Amino acid sequence: MTAGVHVRLVPMTAAHIDALMPFERDMFGTEAWTRAGYQSELADTRHRYYIAAEGPAGELVGWAGVMVIGETAEILTVGVVPGARRGGIARLMAAGLLAEAMRRGAVEAFLEVRVDNVPARALYTSEGFADVGVRRGYYDAGRVDGVTMRKDLQP
Ligand SMILES: CC(C)(COP(=O)(O)OP(=O)(O)OC[C@H]1O[C@@H](n2cnc3c(N)ncnc32)[C@H](O)[C@@H]1OP(=O)(O)O)[C@@H](O)C(=O)NCCC(=O)NCCS
């Protein structure tokens, strides 16, 4: 978790959207969000919480968001730029999202991940999420299954 020590988690802003857009398509493929999509996500501060991870020079190295409705949280996105991976940044951001979700009253968290996304599934499993279901053909126009994962947030 060495690189994670050198990053700062800050609330995500419009400037971070500009910085992440060049990475979005490569990282999320058919699931990539548009700039307008991110803008409306950020605008919904009542139910959503987005953070960015900045490196030592203030450069964007990662971003992540969660939705909290009632007692249920859902992790919406987690991304780390390719050159900054395997340094604990995603782990740091996931912890930041879940801490805020708990602060807002969430007692459980869910997320959806592609069945073939080995790094993400390993990340979430190591953070205490367990597979609870499969959504057949959830991604890539029916070609790739989604795995639903859940974590209990109660202390
Ligand atoms: C998945 C992703 C967010 C991980 O970011 P990261 O900062 O590299 O992850 P971390 O360094 O915090 O890793 C935490 C744990 O996740 C697992 N992990 C991360 N990358 C992995 C990989 N390539 N292979 C296997 N396990 C991996 C490991 O258990 C790791 O712990 P360890 O390094 O102590 O072994 C990053 O690869 C990414 O942005 N991928 C593209 C976008 C994406 O798929 N997002 C998730 C959508 S649900």
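Reader: How do the residues of the lining of the largest pocket divide into nonpolar, polar and charged?

Author: In this predicted model, the lining comprises 18 nonpolar, 6 polar and 9 charged residues. The largest share of that lining, 7 residues, is supplied by β4.

Reader: Which polar backbone atoms lie 3.2 Å and 3.5 Å from an oxygen atom of the ligand?

Author: The distance is 3.2 Å for a polar backbone atom of glycine 87 and 3.5 Å for one of leucine 123. The protein covers 76% of the 910 Å² of accessible area that the ligand has on its own.

Reader: Why is the ligand said to sit in the largest pocket?

Author: The term applies because more than half of the ligand's atoms lie within 2 Å of the grid points of that pocket. About 1,200 Å³ of space lies in the largest pocket. Among its lining residues, Val78, Asn117, Ala120, Leu123 and Tyr124 are the closest to its centre.

Reader: Which element gives the largest share of the shell around the ligand?

Author: That element is α5, with 6 residues. By class, the shell holds 12 nonpolar, 5 polar and 3 charged residues.

Methods
Residues are numbered from 1 along each chain as its sequence is written. This is a predicted model: local features need pLDDT of at least 70, side-chain atom pairs count only at pLDDT 80 or more; totals for chains, interfaces and linings use all residues. Side-chain values use heavy atoms; hydrogens and water are left out. A polar contact is a pair of N or O atoms within 3.5 Å; within protein, one must be able to donate a hydrogen and the other to accept it, and residues adjacent in sequence count only if both atoms are side-chain atoms. Accessible areas come from the Shrake-Rupley method with a 1.4 Å probe; for residues, only the protein chains shown count as cover. On a 1 Å grid over the protein atoms alone, a cavity is a set of points where a 1.4 Å probe fits but cannot get out, and a pocket is an open set with protein on both sides within 12 Å along at least five of seven lines; lining residues have an atom within 4 Å of a point. Helices (H or I, at least four residues) and strands (E, at least two) are DSSP runs, numbered from the N terminus. Ala, Val, Leu, Ile, Met, Phe, Trp, Tyr, Cys and Pro count as nonpolar, Asp, Glu, Lys and Arg as charged, and the others, Gly among them, as polar. Grid points are joined across faces, edges and corners, and a volume is the space filled by probe spheres set on the points.
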